[in-house]
Amino acid sequence: MYDDRSPELIYGNDMVKIADAEDYNKTVLGAAHNKPSTINFKFDGTKIRLIINMSDSYTKKVGISIDGNVEYFTAYRESWSHQRLAYEKTGLKKGVHIVKIWTETPSENYVVYDYRFDAIDIDSDGTLIDYNASQINLNAEAGNSQVTLKWNQVKDSESYTIKYGTESGKYTETVTATKDAYGNFVIPGLTNGTKYYFVVSAKVNGADSEYSNETSAIPQGGDSQTDPEQPTGNRAILVVTMTTGLEKEFDLSMKEVNDFIAWYNGKQAGSGSASYAVNKHDNNKGPFSSRKDYMLYDRILTFEVSEYSK
């Protein structure tokens, strides 16, 4: 059991230190009347029990939030009593949980304190965690079909879990890294031109920490890749080689070629639509008023521009 004076607790100036021989470790924290009186802490475990003083002059509504889920408990009891169980939560997922306690409704009676907070009881193998401990700071560097992740080392970490996906906040892939991989961890097999989002957590004493900040990167072609040179002729044959090996050939004006290159460069930089329509004109005969070939950026392996004058 953790006392109200445990250094892992962060409480506001509205919580007053009180000495009382009948309380756990002979101390309590008094929640000043008609004040917010907040207590914040983190713990690693699956359950939590709050021990307080109860009285007929104390508030009937104290708020508690665990990982953002809000509930309430009462400090009211018809007779004064020390070391009373006021709130209990079990069945939480094993891991780190963030807790906030506050006075939701002041006592209806005029009293010095709305309630008095005494102690916290959690799993026998659980622990309170330094609330202000540094968070994991994640950075990503794009490469050719891969992203290199770097983050700060977490003390006593046993391993790290990386989650990633192509939508912010939605991670479809999970990878485990060793405890020494924090400085240079490579995620291979990614699609060039696609934006990926990453987070990482550390496993300490068998429990997963909170996730890091979310970061993103867009894998590109080889490190020596440069932007295609803008052609200057009247017309050109544009040959696009797809990742399947298929070659698509188009006879286009230079404006159309330059428009295609501008789209490709923009998409490579992370902006623009995922597909591009190339007008086939009369390259292929048939009773059609218009024929367009729609190409997806992430299916293009390379392209070639052969200029000519007409």
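A: β10 supplies the largest share of the lining of the second largest pocket, namely four residues. The structure is a predicted model, in which local features need pLDDT of at least 70 and side-chain atom pairs count only at pLDDT 80 or more, whereas totals for chains, interfaces and linings use all residues. Residues are numbered from 1 along each chain as its sequence is written, and side-chain values use heavy atoms, with hydrogens and water left out.

Q: What makes a residue part of the lining of this pocket, and which ones lie nearest its centre?
A: On a 1 Å grid over the protein atoms alone, a pocket is an open set of points with protein on both sides within 12 Å along at least five of seven lines, and a lining residue has an atom within 4 Å of a point. The second largest pocket is lined by 17 residues, and those nearest its centre are K93, V96, D208, S209 and Y211. At least two lining residues come from each of β10 (95–105), β15 (157–165), β18 (196–204) and β19 (207–208). The volume, which is the space filled by probe spheres set on points joined across faces, edges and corners, is about 370 Å³ for this pocket.

Q: How many helices and strands does the chain have, and what makes a run of residues count as one?
A: Helices (H or I, at least four residues) and strands (E, at least two) are DSSP runs numbered from the N terminus, and by this count the chain has one helix and 25 strands.

Q: What makes β10 a partner of β5 and of β7?
A: Two strands pair if DSSP finds at least two bridges between them. Seven bridges join β5 (39–45) to β10 in the antiparallel sense, with F43 set against H97. Between β7 (61–66) and β10 there are six bridges, again antiparallel, and here G63 stands opposite W102. Both values meet the threshold, so both count as pairs. Strands of a sheet pair through backbone hydrogen bonds, either parallel or antiparallel.

Q: Why do β22 and β25 stand at the edges of their sheet?
A: This open sheet of three strands has the order β22-β21-β25 with antiparallel pairing. β22 (247–253) and β25 (300–308) each have a single partner strand, so one side of each is left without a neighbour in the sheet. The twist averages 20° from one strand to the next, where axes are lines fitted to C-alpha atoms, for helices over the stretch in contact, and angles run from 0 to 180 degrees between N-to-C directions. Helix α1 (254–268) packs on the sheet by touching β21, β22 and β25, and its direction makes about 155° with that of β25. Within the sheet, β21 (235–242) and β25 run antiparallel and are joined by eight bridges; one of the bridge pairs is R235 with Y308.

Q: Why does S37 count as buried, whereas D67 is partly exposed?
A: Buried means under 20% relative accessible area, exposed over 50% and partly exposed in between (1.4 Å probe, protein chains only). S37, in the loop between β4 (27–32) and β5, has 0% relative accessibility and therefore counts as buried. D67, in the loop between β7 and β8 (69–73), has 40% and is therefore partly exposed. Each is a residue other than glycine with a positive phi, near 50° for S37 and near 55° for D67.

Q: How do you know which residues M1 touches?
A: Contact means heavy atoms within 4.5 Å, and, not counting residues up to four places away in sequence, M1 touches Y24, I51, A119, I120 and D121. M1 lies in the segment before β1 (2–3) and, at a relative accessible area of 45%, is partly exposed.

How values were computed
On a 1 Å grid over the protein atoms alone, a cavity is a set of points where a 1.4 Å probe fits but cannot get out, and a pocket is an open set with protein on both sides within 12 Å along at least five of seven lines; lining residues have an atom within 4 Å of a point.
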